[in-house]
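Please look over the sequence and the model first; the notes follow by topic.

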Amino acid sequence: MTNAQIAEALEELAVLYQLDGADQYRVLAYTNSARTIKNEGRSVEEMARNGTITELPGVGKTLEEKILALVETGEIPAAAKLKEKIPVGLLEISRIPGLGPKTVRRLHDELDVNGPEDLRAAAEAKKVRELKGLGPKVEEKILTGLDRLDAEPEGPARLRLDEIRPTAEELVEALRAEPSCEKAEIAGSVRRWTETCKDIDLIATSTDPKALAAGIAGHELVAEHGKPSDKGVKLTTHSGIGVDVRIVAPEAFGNLLQHFSGSGAHNAELRERAVAKGLHVSENGIKDDKTGETEMFATEQEVYERLGYQYIVPELRENRGELDAAAEDELPELIERSQIKGDLHCHTTLSDGVASLEEMAAAAEALGYEYLAITDHSESHGFGNHVEPDRLWQRIEEINEFNNEDHGIRLLSGSEVNIHPNGTVDYDDDLLEALDWVIASIHTAFSDEAEKNTSRMITAIENPLVDCIGHPTGRLINQRDPYPLDIERVVAAAAANDTLIEINSNPRRRDLNEVHARLAAEAGVGIVINTDAHRPETLDFIDYGIATARRAWLTADQVKNTGPWWKG
DNA sequence: GCCGTTTTCGGCCCGACTGTTTTCAGTCG
């Protein structure tokens, strides 16, 4: 059972307890542990089985028992029991915005609502407004919420970062261009470079807040907006992205930026720890119990310093140990884009790229790279994009010729070879040996069984002619789940065989993900950050790979392509 | 349900907003 599945079961149990009227802190304990487990790189199932799971923060004796039952029987007894008592329809309607557990419970108890159909009937018959504390506005919210539930049964989609980031950048630039704007920054998950984002948060200071809010509300990207005030404005773009613009006094800019950059988990932990020191943190400032004063800070650096921490960059703010490290002055010096010396995965027109070898080389040279590996697909790739051995031998010659000419970049002859279901790869050994660089990837015939995929990949890792594994889990964000794989065994094999593992920077992939990349690096596996570019412009995807690496706590010395080309 | 530089019991992060109320509970980020 994957960590994600365990986390999902705990989240469901939290909602069930909530609807059952359990103490909020008990509910919180389940939600928190679900988040911890989702962020854990090691197999939580394994930790449950060998009795080490209580090492995880927030997981105690009771959760240990429940998780053990879950991995052994497929369900948590307490959850099964609650499901008998609580109609599943209530879980569904609790997803309607504005309807929390308390309200859902009252609708059930007082109006006999058991699911979306009952709720619609009650709202249409204007019964909801008869309940104390509820009124016509709530009824209206319920009906629009039910419509949305019908339209999007899976809930509102989170957008991939690359689908939302350009809009955030355009809007923050527009804010900065407003005459009354003093400072404007992107906050929220876009600033933390998460894989997906729900909306855009923008933070600003202004000499005339209301004018600034009104100004941005008139931007051409904006389809609808709320009422601009001196605190900001809420926008919706034509593409349906929600944007929250908040304006604050310059002296509290650091507090607000810190607050709205999140993550929620990081901030909750930060505040909890501050309370122990008699300090209360909010977007408005830091209140000191001793003096009763609220201190405001213009920069985030000062906020963290006041609380006793090193500055923590946004990418690390996920409550994955960054507060402990920052308290001890032990945060890693994270890798930066400027340290990348070359890209080791790209395609040309030889397979499915759209640019020539020369065009790709020129683009890489323009980025200041020392080397670029040309890694077109291999013999068995198909789709008309396969490369016959003879053609690849010829390509090696072309690359040699290129390197003999006067260019500011060195090309490496490579290939992205397919890993066959039995773990062997394309091309004979003499051809693989003639290449500078071999990436092996799985493109076909994923199995539903982790064991098959894992041993297939490990066979490739053990092949001495394979330098690196490409996009190791095959996932496409929001589109295709990773194929089942025992990452810990893959990582152990890679470490034992000195085989490198790629962070594929394509924002649709970001594979390895940040959790697995951290696990791999900690196990001593060398990482390379590549773009898998199929056109010159997408060599710029390296930013997303760098972001994943930073979110995985990686330093330059853990990433092989921060150094000069190392194979002679 | 978890956990301990006040604690093995009694706490547990903060404020804005909304809709409903005349002072607040619930929800959300």
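In which loop is Pro484 found? Pro484 sits in the loop between strand S15 (468–469) and helix H21 (487–497), where helices (H or I, at least four residues) and strands (E, at least two) are DSSP runs numbered from the N terminus. This is a predicted model, in which local features need pLDDT of at least 70, side-chain atom pairs count only at pLDDT 80 or more, and totals for chains, interfaces and linings use all residues. Residues are numbered from 1 along each chain as its sequence is written, chains are lettered from A and ligands numbered from 1 in the order in which they are written, and side-chain values use heavy atoms, with hydrogens and water left out.

**Domains**
- Chain A is divided into domain 1 (3–151), domain 2 (159–247), domain 3 (256–327) and domain 4 (337–562), with bounds taken from an automatic or database domain assignment.
- Between the C-alpha centres of domain 1 and domain 2 the distance is 32 Å.

**Surface near DNA strand B**
- A residue is near the strand if one of its heavy atoms lies within 4 Å of it.
- Of the 39 residues around DNA strand B, Gly100, Gly135, Arg271, Glu272 and His280 come nearest.
- By class, this surface has 17 nonpolar, 11 polar and 11 charged residues; Ala, Val, Leu, Ile, Met, Phe, Trp, Tyr, Cys and Pro count as nonpolar, Asp, Glu, Lys and Arg as charged, and the others, Gly among them, as polar.
- Elements that each supply at least two residues include helix H2 (24–38), helix H4 (61–73) and strand S8 (279–282), while H14 gives the most, with 5 residues.
- Sugar or phosphate accounts for 80% of the atoms of DNA strand B within 4 Å of the protein, and bases for the rest.
- A polar side-chain atom of His280 lies 2.5 Å from a phosphate oxygen of DNA strand B.

**Buried positions**
- Leu212, Ala213, Ile216 and Ala217 of helix H12 (residues 209–217) are buried; buried means under 20% relative accessible area, exposed over 50%, and partly exposed in between (1.4 Å probe, protein chains only).
- Seen down the axis of H12, these buried residues fall within an arc of 135°, so they line one face of the helix; the arc is that of the directions from the helix axis to the C-beta atoms.
- Arg395, in helix H18 (residues 389–404), is buried at a relative accessible area of 7%.
- The side chain of Arg395 makes a polar contact with the side chain of Thr348 (3.3 Å); such a contact is a pair of N or O atoms within 3.5 Å, and within protein one must be able to donate a hydrogen and the other to accept it, with residues adjacent in sequence counting only if both atoms are side-chain atoms.

**Pro484**
- Pro484 is partly exposed, with a relative accessible area of 31%.
- Leaving aside neighbours within four places in sequence, Pro484 is in contact with Ser447, Asp448, Glu449, Ala450 and Asn453, contact meaning heavy atoms within 4.5 Å.

**Backbone geometry**
- Cis peptide bonds join Gly262 to Ser263 and Asp511 to Leu512.
- Asp112, a residue other than glycine, has a positive phi near 60° and is exposed at 55% relative accessibility.
- Trp553 has a positive phi of about 70° although it is not a glycine, and is buried at 14% relative accessible area.
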